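Here is a quick walk through a single chain, written for someone who likes to know the cut-offs. Have a look at the model first, then read on.

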Amino acid sequence: MPRPSSRERLLDAAADVLLAQGAESLTLEAVAQRAGVSKGGLFYHFPTKQALVAGLVGRLTGAFDQALADAGDHPRDILRAYVDATIPARHTTGPAAAPADRVTAALLAAVLVDPAGLAPLRERYAAWQARLTGDGIDPAAATAVRLAVDGWWAARLFGLSEPGPGLHERTRAHLMELIDRACA
């Protein structure tokens with residue numbers, strides 16, 4: 001597996017700081033220390049905290065864009081890719097949940113540091129919604145599934161009684177069945 005770039009290491013370090021110490025602890029100094037680089041090395045990639053947060057949000061949107069781009073061309077493929085990119089197939093907690101937590105960290109940082117930093121995410125959501133409703137199934141069904149998935153993601157984000165083992169998998173399977181039925 002290739003080593004992550006310096007920029008990616010810095011974004012990982014920023015997410016780690018957010019996860020370990022909270023958004024109020026997200027400082028350029030803390031990120032540089034966590035990544036093991038000088039502040040100058042950090043400034044080369046991210047001259048401000050807002051630039052760092054924009055990088056986190058950009059990585060998030062890029063990952064989703066790639067997941068949707070990799071989806072097939074059949075009706076429902078994009079909606080299924082959206083579910084796959086948002087909700088893991090199996091219930092996870094602790095270190096296994098880290099990828100989802102890193103996405104969460106990016107959004108928390110964006111809201112707390114610079115609410116205007118969410119503008120690119122809002123734009124991407126509009127594009128994703130258009131792709132989902134144009135996926136060859138009933139647009140209302142596609143929107144209902146997206147809203148359910150986004151709500152589930154928020155429950156994971158805030159620890160709001162998300163489904164535990166067993167129910168997680170059954171609920172996710174139910175969403176996939178809803179997608180299939182909407183396509184039929």
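How much accessible surface does the chain have, and what percentage of it belongs to carbon and sulfur atoms? The accessible surface comes to about 9,600 Å², and 58% of that belongs to carbon and sulfur atoms. The areas come from the Shrake-Rupley method with a 1.4 Å probe, and for residues only the protein chains shown count as cover.

Some ground rules before the details. This is a predicted model, where local features need pLDDT of at least 70, side-chain atom pairs count only at pLDDT 80 or more, and totals for chains, interfaces and linings use all residues. Residues are numbered from 1 along each chain as its sequence is written, and side-chain values use heavy atoms, with hydrogens and water left out.

**Overall layout**

The chain has nine helices and zero strands. Helices (H or I, at least four residues) and strands (E, at least two) are DSSP runs, numbered from the N terminus. Of the 184 residues, 38% count as buried; buried is under 20% relative accessible area, exposed is over 50%, and partly exposed is in between (1.4 Å probe, protein chains only). Take the contacts between residues at least 6 apart in sequence: 68% of them join residues at least 24 apart. Contact here means heavy atoms within 4.5 Å.

**Helix 1 and helix 4**

Helix 1 covers residues 6-21 and helix 4 covers residues 49-69. For helix 1, 16 residues at 1.5 Å a residue should span 22 Å, and the end C-alpha atoms are 22 Å apart, which agrees. Helix 4 has 21 residues and reaches 30 Å from first C-alpha to last, close to the 30 Å expected. The expected span is 1.5 Å times one less than the number of residues.

Which residues of helix 1 are buried? They are L10, L11, A13, A14, A15, D16, V17 and L18. Just after helix 1, G22 takes a positive phi of about 95°. In helix 4, the buried residues are L52, V53, G55, L56, V57, L60, T61, F64 and L68.

The axes of helix 1 and helix 4 come within 10 Å and cross at roughly 100°. Axes are lines fitted to C-alpha atoms, for helices over the stretch in contact, and angles run from 0 to 180 degrees between N-to-C directions. Helix 1 and helix 4 are therefore roughly perpendicular; angles under 35 degrees count as roughly parallel, over 145 as roughly antiparallel, 65 to 115 as roughly perpendicular and the rest as oblique. On the helix 1 side the contact is made by R7, E8, L11, D12, A14 and L18, and on the helix 4 side by L52, G55, L56 and R59. By class, that contact has five nonpolar, one polar and four charged residues. Ala, Val, Leu, Ile, Met, Phe, Trp, Tyr, Cys and Pro count as nonpolar, Asp, Glu, Lys and Arg as charged, and the others, Gly among them, as polar.

**Helix 4 and helix 7**

Helix 4 also packs against helix 7 (residues 119-133), at an angle of about 10° and with the axes 10 Å apart. That makes helix 4 roughly parallel to helix 7. V57, L60, T61, F64, D65, L68 and A69 of helix 4 meet L121, R124, W128 and R131 of helix 7. This contact divides into seven nonpolar, one polar and three charged residues.

**Pairs apart in sequence**

Here are some C-alpha to C-alpha separations.

| Pair | Apart in sequence | Apart in space |
|---|---|---|
| V57 and G117 | 60 residues | 7.9 Å |
| T92 and H168 | 76 residues | 9.3 Å |

A32 is found in helix 2 (residues 28-35) and counts as buried at 2% relative accessibility. Leaving aside neighbours within four places in sequence, A32 is in contact with V37, S38, K39 and L42. V57, in helix 4, is buried with a relative accessible area of 1%. T92 lies in the loop between helix 5 and helix 6 (98-113), and at 17% relative accessibility T92 counts as buried.

**Positive phi in the loops**

Most residues other than glycine have a negative phi. R76 has a positive phi near 85°; R76 lies in the loop between helix 4 and helix 5 (77-86) and is partly exposed, with a relative accessible area of 28%. S161 has a positive phi near 50°. Is S161 buried or exposed? S161, in the loop between helix 8 (139-158) and helix 9 (167-183), is exposed at 71% relative accessible area.
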